[in-house]
Amino acid sequence: MVGRFSLLSENPHRTDALRSDRARAKGLNYSLNEKVQSTLELATETNDTGKKSTESRIALGNLFRCSGEVGRAIDLHQSLLGDPSLSEEQHGKSVFELGMDFMRAGLFDRAEAIFMDLKNDPSCRDSALQQLLQIYQHEKDWLNAIDCTEALKPSGKIRRGETISQFYCEMLQEALTANNPVLANRFLVKALGEGSCPRAALLSAQMAISEQRYQDALNILRPIPTEDSRYNTQVVELMIECFEDNENILELIDAVGQMHADHPSGEIIPLVSGMVRKKQGIVAASRFVQGSLRVRPSLRGLHELLVLIADLPEKEAKPYLHDLSGISSQLVFCHPSYKCVQCGFTGSELHWRCPGCHHWEALSACELPVVHSKQTTH
Ligand SMILES: [Zn+2]
């Protein structure tokens, strides 16, 4: 290793290659180059012996990995393992970084073997489990991902969304694709047992719909927006399916009206408008969209209303025109004219010095959407 490392720092061709590789590496910035240089110098100065040198060589390998030179990182970390002067801690660190190199190279089976071993070492157990969790998610090995998450739970070192219920939902969807409702149900029970999970609730409603248990599906769907409004579009899409064979869509209109009032969305009104038009005709659909726009104006809603009244007879369309101008002015004037690129301050007039962050010339005009090139519409 000593020979190989000296070659790297002394051979001008290798150094040149290193430099040009570095320049090519995507996202590699000046400060990283600086770090590589200083690590390189530090490693050379310490004459490749002692603790400081080992730490520097581990760090240099990491920098190789970060700059995309994974082969070099593997070589360096692997050669360190053959060094008998390494302390137990340094050996453990080198093994861990070698595992990270394998991860970066996409050699997941080799990385898995390393982290499986390291998870038995209390000093790096959590970090090893975190890497194993990434491997299992990548390989869609959900059962092992669940085991890792369980083991990581007490430490709280779990990324947002990496929940056991998500993994059960993945298996549930696989079972549904494989047309195995018994297995799907088993995973659904497990996913729901993990606490509030909107995805599990949506899947549960979807399964009820496929079994034509529409009332059950609606009972599942109705509380979702109160708990988590991010998936209102998905909730409405499933609700619409529940009313496909039902002429009385009052319950649907009520539920969606409430959702729109609580969490205004431009998307859900046009979704339901189509259903209202199909069941109750164009006049009812126009009234429904007009009512929703009065509560919460939106560009998508305005577009939907224009499409509907374009199909109405002239006499019936006229009363809507007054509303259209009112709604469009609300949309235009609620939009701020200027926004600070530094702090996000918005206002209706131009300030040369931002009142929020006091930067000069930081405000720029924020225009309403303008189509700059001719686009095909669908
Ligand atoms: Zn500002």
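This is a predicted model: local features need pLDDT of at least 70, side-chain atom pairs count only at pLDDT 80 or more; totals for chains, interfaces and linings use all residues.
1. Cysteine 340 belongs to strand S1 (residues 338–340), whereas cysteine 357 lies in the loop between strand S2 (346–347) and strand S3 (363–365), so the pair ties together parts that are 17 residues apart in sequence.

2. Cysteine 357, with a relative accessible area of 24%, is partly exposed.

3. Sheet. The order of strands in the open sheet is S2-S1-S3, with antiparallel pairing among the three strands. S2 and S3 stand at the edges with a single partner strand each, so one side of each has no neighbour in the sheet. Between S1 and S2 the antiparallel pairing extends over two bridges. Lysine 339 stands opposite threonine 346 in S2.

4. Loop between S2 and S3. Histidine 351 is placed in this loop. The residue is partly exposed, its relative accessible area being 28%. Apart from neighbours within four places in sequence, histidine 351 is in contact with Phe345 and Leu363. The C-alpha atoms of histidine 351 and tyrosine 338 are 8.6 Å apart, and the two residues are separated by 13 residues in sequence.

5. Aromatic pairs: phenylalanine 96 and phenylalanine 115. The count of aromatic pairs comes to three. In one of them, the rings of phenylalanine 96 and phenylalanine 115 have centres 5.3 Å apart and planes at 70°, so the pair is edge-to-face. Phenylalanine 96 is in helix H6 (residues 88–105) and phenylalanine 115 in helix H7 (residues 108–118), and the pair links distant parts of the chain, 19 residues apart.

6. Aromatic pairs: tryptophan 142 and phenylalanine 167. Here the ring centres of tryptophan 142 and phenylalanine 167 are 5.7 Å apart and the planes are at 20°, so the pair is stacked. The cut-off for that class is an angle under 30 degrees. Tryptophan 142 lies in helix H9 and phenylalanine 167 in helix H10, so parts 25 residues apart in sequence are tied together by this pair. Tryptophan 142 and phenylalanine 167 are both buried.

7. Helix H10. The 14 residues of H10 (residues 164–177) should span 20 Å at 1.5 Å a residue, and the C-alpha atoms at its ends are 20 Å apart, which agrees. Its buried residues are Ile164, Ser165, Phe167, Tyr168, Cys169, Met171, Leu172 and Ala175. Their cover includes helix H8 (125–138), helix H9 (142–152), helix H11 (181–193) and helix H12 (198–210). Helix H9, which is part of this cover, also carries tryptophan 142, the partner of phenylalanine 167 in the stacked pair. After H10 comes asparagine 179, whose phi is positive, near 60°.

How values were computed. Residues are numbered from 1 along each chain as its sequence is written. Side-chain values use heavy atoms; hydrogens and water are left out. Helices (H or I, at least four residues) and strands (E, at least two) are DSSP runs, numbered from the N terminus. The expected span of a helix is 1.5 Å times one less than its number of residues. Buried means under 20% relative accessible area, exposed over 50%, partly exposed in between (1.4 Å probe, protein chains only). Contact means heavy atoms within 4.5 Å. Rings of Phe, Tyr and Trp (its six-membered ring) pair if their centres lie within 6.5 Å; planes under 30 degrees apart count as stacked, over 60 as edge-to-face and the rest as tilted. Two strands pair if DSSP finds at least two bridges between them.
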